[in-house]
Amino acid sequence: MDILYFIRSIIFLVGGLVTIIFRKELNNFKNHYIVPLLIRFGFKSKVKNEIKTYYQLGIVFIIISVILFIVSITP
């Protein structure tokens, strides 16, 4: 068992679960703090609700976590 891949899989699993569970809070954080900072540095912004995107990103993180876990347990 490769411990480094196992640790990476746990990190991606936690990231995916946090992204799915707290998607509204992540969207509010982005709209209130990140977007004004990007506007200040000259980037254009498209402020919209991207709650569905956070759900999809969480699913991708969980899939990566499963793949890393399988790699960590194979000899």
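**Notebook: Phe pairs and helix contacts**

I began with Phe12, which at 29% relative accessibility counts as partly exposed (buried is under 20% relative accessible area, exposed over 50%, partly exposed in between, with a 1.4 Å probe and protein chains only). The model is predicted: local features need pLDDT of at least 70, side-chain atom pairs count only at pLDDT 80 or more, and totals for chains, interfaces and linings use all residues. Residues are numbered from 1 along each chain as its sequence is written, and side-chain values use heavy atoms, with hydrogens and water left out.

**Aromatic pairs.** I searched the whole structure and found three aromatic pairs (rings of Phe, Tyr and Trp, the last by its six-membered ring, with centres within 6.5 Å; planes under 30 degrees apart are stacked, over 60 edge-to-face, the rest tilted). I looked up two of these pairs. The ring centres of Phe6 and Phe69 lie 5.9 Å apart with planes at 50°, so I noted this pair as tilted. Phe6 is in helix H1 and Phe69 in helix H3, so the pair ties together parts 63 residues apart in sequence (helices are DSSP runs of H or I, at least four residues, numbered from the N terminus). I have Phe6 as partly exposed at 26% and Phe69 as partly exposed at 35%.

Phe12 and Phe61 have ring centres 5.6 Å apart and planes at 70°, so this pair is edge-to-face. Phe12 belongs to H1 and Phe61 to H3, so parts 49 residues apart in sequence are tied together. Phe61 is partly exposed too, with a relative accessible area of 24%.

**Helix H3.** I then took H3, residues 51-73: its 23 residues reach 34 Å from first C-alpha to last, close to the 33 Å expected (1.5 Å times one less than the number of residues). Its buried residues are Tyr54, Gly58, Ser65, Leu68 and Ser72. They pack against H1 (3-21) and H2 (23-40).

**H1 against H2.** The axes of H1 and H2 come within 5 Å and cross at roughly 80° (axes are lines fitted to C-alpha atoms, for helices over the stretch in contact, and angles run from 0 to 180 degrees between N-to-C directions). I therefore call H1 roughly perpendicular to H2 (65 to 115 degrees). Val18, Thr19, Ile20 and Ile21 of H1 make the contact with Arg23, Glu25 and Leu26 of H2 (heavy atoms within 4.5 Å).

**His32.** I placed His32 in H2 and found this residue exposed, at 56% relative accessibility. From His32 to Phe61 is 29 residues in sequence and 24 Å in space, C-alpha to C-alpha.

Key
Helices (H or I, at least four residues) and strands (E, at least two) are DSSP runs, numbered from the N terminus. Angles under 35 degrees count as roughly parallel, over 145 as roughly antiparallel, 65 to 115 as roughly perpendicular and the rest as oblique.
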